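Got your viewer open and your selection tool ready? Here is a short tour, one stop at a time.

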Amino acid sequence: MRRIFIGFLLAAAALPIAPALARKVAVDEVSLERVQAMMTAGQATSVEVTRAYLDRIAAMDRRGPTLRSVIAVNPDALAQAKALDAERRAGRIRGPLHGVPVLIKDNIETADAMATTAGSLALKDNVTRRDAPVVAALRRAGAVILGKTNLSEWANIRSTHAMSGWSAVGGLVRNPYALDRTACGSSSGSGAAVAASFAAAAVGTETDGSVVCPSSINGLVGLKPSIGLVSRTHVVPISHSQDTPGPMARSVRDVAILFQFMVAADPADPATAGAVTRDYAAGLSVSALSGMRVAVLRPEGLSADMAARFDAALAVLKGAGAILVEVKAPKPDGIGDAEFTVLKTELKSDLDAYLATTPPAVTARTLDQLIAFNRAQATTEMPFFQQEIFEEAAKTKGLADPAYRTARATSLRQASEAIDGMLRSAGAQVLVEPTYAGAWLSDPVYGDQYGGPSSSELPAIAGYPNLTVPMGLVKGLPVGLSFIATRGGEATVLGAGYAYEQRAKARTAPRYLAQADVGEGLSGR
């Protein structure tokens, strides 16, 4: 860990220093849309904005609160920004992302001089010089690739006792609302970084919960899209059935803008064959909820504070004209076990296939070799938790195994029928429920100790969209409201989420407290 800490200091020292006469640009709590407006009006250049984010990362991620949300800053970020400024001066504007810095989760490849590590020392030399198609699309749209964000190592699939947000490469991501609390995984770095205004937006990935949990817990908007809209090529995999990149930002509009440029068909990812992009931000309206029937799922066992916050959110929906219809939570038999069988089987197959494409400097080229690497490097790779999921996955029998095929078919059917059934029974277009409760304590001894509500499982398995929007604070910690629709319902959830967000105005900026201000209760919005 000492070597990693020294690496952070060296990275911070290497960050460019602003010229004495350069304008100082404020980026704290500035939206993606506002960043673009500043550049359009000549109030800032992309170089100035990029430098401001780099300076903020150096001051707060490496020092100050020490969030450890960014694994690496892109050494070419300022050069990219300079080139995009030149295009702007020449009259070429690529669109709403032109010159806007974004962060990319470090299980997604970029062609820049940065390794894609998935948080593991086994991939510290995984400099592929390839853009994942989702990154290439953002780059074509004019985004500056600012850096790579920390994550739960291997996207939280190594151990059932893992501590969310920890990786051997990046250390433990800390929640900017309360530094002793989890930032949730696996897109913990993307969540904490955007909450702390290290970028206006970031890309995370989700298999089950890894976009919506860190978004909810870090006071953000996050969209887990339908499977088949965003390419997974050159993304370190868990499961081709459930993996997807997703946008994370501080507002629904910013998420919609980023998402628009992430959607594309990719011949290398057959699931995306029918993907067609659209301007998701153009259709956002404060009146979207007027007359809309909304299915309301109230999880069992909500704490009194969470129930009160959820009721307050429902009152906002009703005030916006929504017709609320309570539905009962289905209880699909064995769906969790079936999902776990799918994830372990596909992890073995998909990760072996990915590792075979990595540069020769990466010596662990199969799951079995990763397991051996971790055992040999146990002091740094497994100081807190082991790799029992890896070991179970290594024993699976492949994609032709009848048990796997049955598990996938059963879990997919159960999840799809559960969501579609709730929507149908309410005559509704969208389902709402709490995303997660507030952040739990980061615990290296016992790992994640979470027992509250979770909206992620059914839409993750079904491949349906799940949008989380800030619902306010409970005991000083952010919580989110999930908007879930059937496959391809991104415009529906974004529209409903935007109309709610504009009325609720429930997001509160982080204060970087050492501990949660539990006395605040429901007083914060």
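Three cavities of 30 Å³ or more are found in the structure. Here, on a 1 Å grid over the protein atoms alone, a cavity is a set of points where a 1.4 Å probe fits but cannot get out, while a pocket is an open set with protein on both sides within 12 Å along at least five of seven lines; lining residues have an atom within 4 Å of a point. Grid points are joined across faces, edges and corners, and a volume is the space filled by probe spheres set on the points.

Before you click on, know that this is a predicted model: local features need pLDDT of at least 70, side-chain atom pairs count only at pLDDT 80 or more, and totals for chains, interfaces and linings use all residues. Residues are numbered from 1 along each chain as its sequence is written, and side-chain values use heavy atoms, with hydrogens and water left out.

Now select Asn107, Trp154, Ile157, Pro237 and Leu351, which are among the residues lining the largest cavity. That cavity holds about 40 Å³ of space.

**The largest pocket**

Next, pick Asn156, Asp208, Gly209, Tyr436 and Asp448: of the 41 residues lining the largest pocket, these are the closest to its centre. About 960 Å³ of space lies in there. Which helix gives the most to the lining? Helix 10 does, with four residues; you can find helix 10 at 335–355. Helices (H or I, at least four residues) and strands (E, at least two) are DSSP runs, numbered from the N terminus. Strand 6 and strand 8 also supply at least two lining residues each.

**Strand 8 and its sheet**

Stay with strand 8, residues 244–249. Six of its six residues are buried, so strand 8 is largely enclosed by the rest of the structure. Buried means under 20% relative accessible area, exposed over 50%, and partly exposed in between (1.4 Å probe, protein chains only). Colour Thr244, Gly246 and Met248 for one side, then Pro245, Pro247 and Ala249 for the other.

Two strands pair if DSSP finds at least two bridges between them. Strand 6 runs antiparallel to strand 8, joined by six bridges, and Thr205 stands opposite Pro245. Strand 7 is antiparallel to strand 8 as well, with two bridges; look for Val221 and its bridge partner Ala249.

Zoom out and you'll see an open sheet of eleven strands with mixed pairing, in the order 1-3-2-6-8-7-12-13-11-9-10. Strand 1 (70–73) and strand 10 (323–327) are at the edges, each with a single partner strand, so one side of each has no neighbour in the sheet.

**A buried lysine**

Select Lys105, in strand 2 (residues 101–105). Is Lys105 buried or exposed? Lys105 counts as buried, because its relative accessibility is 0%. Leaving aside neighbours within four places in sequence, Lys105 is in contact (heavy atoms within 4.5 Å) with residues including Lys148, Ser187, Thr205 and Ser210.

Move to helix 5 (residues 133–140), where Val134, Val135, Ala136, Ala137 and Leu138 are buried. The buried residues of helix 5 pack against strand 2, strand 3, strand 6, strand 8 and helix 8.

Leu138 also belongs to the last stop, the largest nonpolar core, which has 103 residues. Such a core is a set of buried Ala, Val, Leu, Ile, Met, Phe, Trp, Tyr and Cys residues joined through side-chain atoms within 4.5 Å. Leu138, Leu289 and Tyr500 are among those with the most contacts inside it.
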